[in-house]
Each structure stands twice: as C-alpha cells, then as structure tokens.
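Here is a short briefing for a reader who is new to this structure. Please look at the sequence and the fold first.

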Amino acid sequence: MLSEPLKSLLTESGLADWSAWLDDRLTRFYGNVRHGDYLDWLDAINRLPEINPTLTRLASDEIQIGQATDCSAAQLDILRQQLRRLLPWRKGPFNLFGVKIEAEWRSHIKWRRLQHNISPLSGRSVLDVGCGNGYYGWRMLGAGAKLVVGTDPTLRHVMQQRAIAKYLPEAPFDILPFTLETLAGNGAGRILPDGRADPPLATAGAGFDTVFSMGVIYHRRDPANHIRDLLSFLLPGGELVLESLVIDEEYGDVLKPEGRYAKMRNIRSIPSIQTLKGWLAAAGLTSVEVADISVTTPAEQRVTEWTFEQSLADFLDPQNPNLTIEGYPAPKRAIVICSSRN
C-alpha cells in the first residue's frame, strides 16, 4: 500500500525494514476499514478524471497542480464534484486545474512564520505528525525534502491527500492513517503466529532528519510522552519543529480546560511558553528556541464554501474576542524549534 516512490526512497535511506513493516500494516488496515464514509471517499477518488498536469507549484502559498487548459470543461466539472465529496477541507489552499480549494485554514500563513527559521529541508527526510490533509507535506517537498511521511488518524484527511497525490504519482509523500503513539509502539500491536508482538515502527530502524508536530501536543494526556515519541523518530542532530497552543504566564504554567476549548474537544493541556520549553529541555532536546508567537485570527481560520459552517469567529466571545466562547484566553500559538543530541 505504500507508494512506489516512497518505498524506493525508504530503502535507499536504510529504512527497508520499516518499508516492509509499513506495507504490511497498511495492507491490513485498508483491508479492515470500518469507517462508514470510506467507500464513498474511495469512490470519489476513483472517479477523479485522468488529467496530466502541465505545471506543478509546491513552493507557492497556493499549491497548484495543473491549469484549466489541461482539461475539458466536462472534466473540470467532474473534478470539482468529486473533490467536494471529500468536504470539509481544513488546510490549504490548493488549486487543481483551476479548481480552487479555499480551506478553513489559510495554512500558508503558518508556513511563512516557520520556513525561514528551520534548517533548510533540501535533501532531508521529514516526518510530519498530525499532518492533516498534507498541505504542509507538499510545501516540504516544494522546499526540497527528499521524502515526506505524514501521520494522521483522521481518515478523511488521508483520503484528501490521496486525491491530490493522484496527480503527482511520483511524489515521495505518503500519509499513514495511524497515530504517533501507534507507530512508536504505544498502540495495540498484532501478535505474530510465534507469539512475538508486531514490532513498533520506531524499533524498525526509522529515523528522520526533521520531525514536525504542529497542533498535536495539547491533545495529548501526557505531553512528555508525546515529546519522547517524537524524539524516538529523530536522527542524532536532527531538528524538531513543534507548534502548540500556548497561554500567557499570568494564567499559570498549564491551562487544562474543563469541557471544550474554543468548541474543540480533547484539549488536554495548554502550556505557557516557559513550560513548553521546559518539557522539551527535560526530554533532552537542545537549542530550544521560540521562532514565533502569534494570535490566531479569523483572517487565518474562517468559513469558506469548502469547510464547516462555523469557524474561529464563532468560537470566540462575541463581546470580547480575547476570550473563547467558554471564557478561556483566545487561541495563541507558538512555534518552537530544537535539536536532538548528536
């Protein structure tokens, strides 16, 4: 189930054991999918028209594949219809043959904040944890990464990336429909016929030059474990790019919302900047630097025809946009960049 380009690059990178492990795991996963919409999403992808793009732009804010002149009006109409069967699109923007997907998040804004602060991605292997529909993965390839592996357990996001990848079949970029915890060995594993446990991915020789975790850590019950799992996939001297919701220190070291936060479920712990840096340093990461701190605004996260009916503007207190609808500090995000020890 792994794409051939990714299989080849994993093998060339000394990760042949990992490639075989993944291929087996993916085959079993897709052979037993229980999600009620999976077959409909798969049908939408299968019905996408066969079009050869005459241009590809992965280094621009709007990821562009092909142009309207590459296809007929009838093909364009089918393309739009099938892409809309995968709604909602949370990250973007994308432009496929003139069909503009204006996602909920204008994700290029975040990419601008970090792209000049990270180590150059040219020739590097990258793991993007909680990657969503792959917008950042395509940007990473556009920045010169030799291979990108994304992880995201939300099957809709995986299928959206597969729809985009249909038109870039040689791209060394796949998304795995698993959590980081499963890949690191903290999820349920298969028991082999001889009684041995199916080995976790992290013990199969996996290692990346750069690991991204953006918008994940505050969903985890144990942030320290999340950082340790990230570190287990990072090569010695590699770089970790971590983005998180943060609070100002006047609200304490960690905010643990009761119920929802900005209408989001499963927000476990929102740290202060100093707390977040402390977590990373305690895990053994070095050169811990804050690259950016930004308040999230409706200019970055909003409702479009490709998204949900509500977005950030509906999640804030209408009388005080500095607070969420539940009365917590409004979303603020920090990007922290650090290194593993050599």
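This is a predicted model: local features need pLDDT of at least 70, side-chain atom pairs count only at pLDDT 80 or more; totals for chains, interfaces and linings use all residues.

Helix H1 spans residues 4-12, and its buried residues are Pro5, Leu6, Leu9 and Leu10. An open sheet of seven strands runs in the order E9-E8-E7-E10-E11-E17-E14.

**Helix H1**
- The buried residues Pro5, Leu6, Leu9 and Leu10 cover an arc of only 130° around the axis, which puts them on the same side of H1.
- An α-helix has 3.6 residues a turn, so residues three or four places apart point the same way.
- Glu4 and Glu12 are exposed on the other side of H1.
- The cover over the buried residues of H1 includes helix H2 (16-30), strand E8 (147-151) and strand E9 (173-176).
- Gly14 follows H1, and its phi is positive, near 80°.

- Seven bridges pair E14 with strand E17 (residues 332-339) in the antiparallel sense.
- Ser294 stands opposite Arg333 in E17.

**Helices across the strands**
- Helix H9 (residues 223-232) lies across E7, E10 and E11, at about 145° to E11.
- Helix H10 (residues 273-282) lies across E11, E14 and E17, at about 150° to E14.

**A hairpin**
- Strands E15 (residues 316-317) and E16 (residues 320-324) run antiparallel, joined by two bridges.
- Two residues form the hairpin link from E15 to E16.
- Leu316 stands opposite Thr324 in E16.

Conventions. Residues are numbered from 1 along each chain as its sequence is written. Side-chain values use heavy atoms; hydrogens and water are left out. Buried means under 20% relative accessible area, exposed over 50%, partly exposed in between (1.4 Å probe, protein chains only). Helices (H or I, at least four residues) and strands (E, at least two) are DSSP runs, numbered from the N terminus. The arc is that of the directions from the helix axis to the C-beta atoms. Contact means heavy atoms within 4.5 Å. Two strands pair if DSSP finds at least two bridges between them. Axes are lines fitted to C-alpha atoms, for helices over the stretch in contact, and angles run from 0 to 180 degrees between N-to-C directions.
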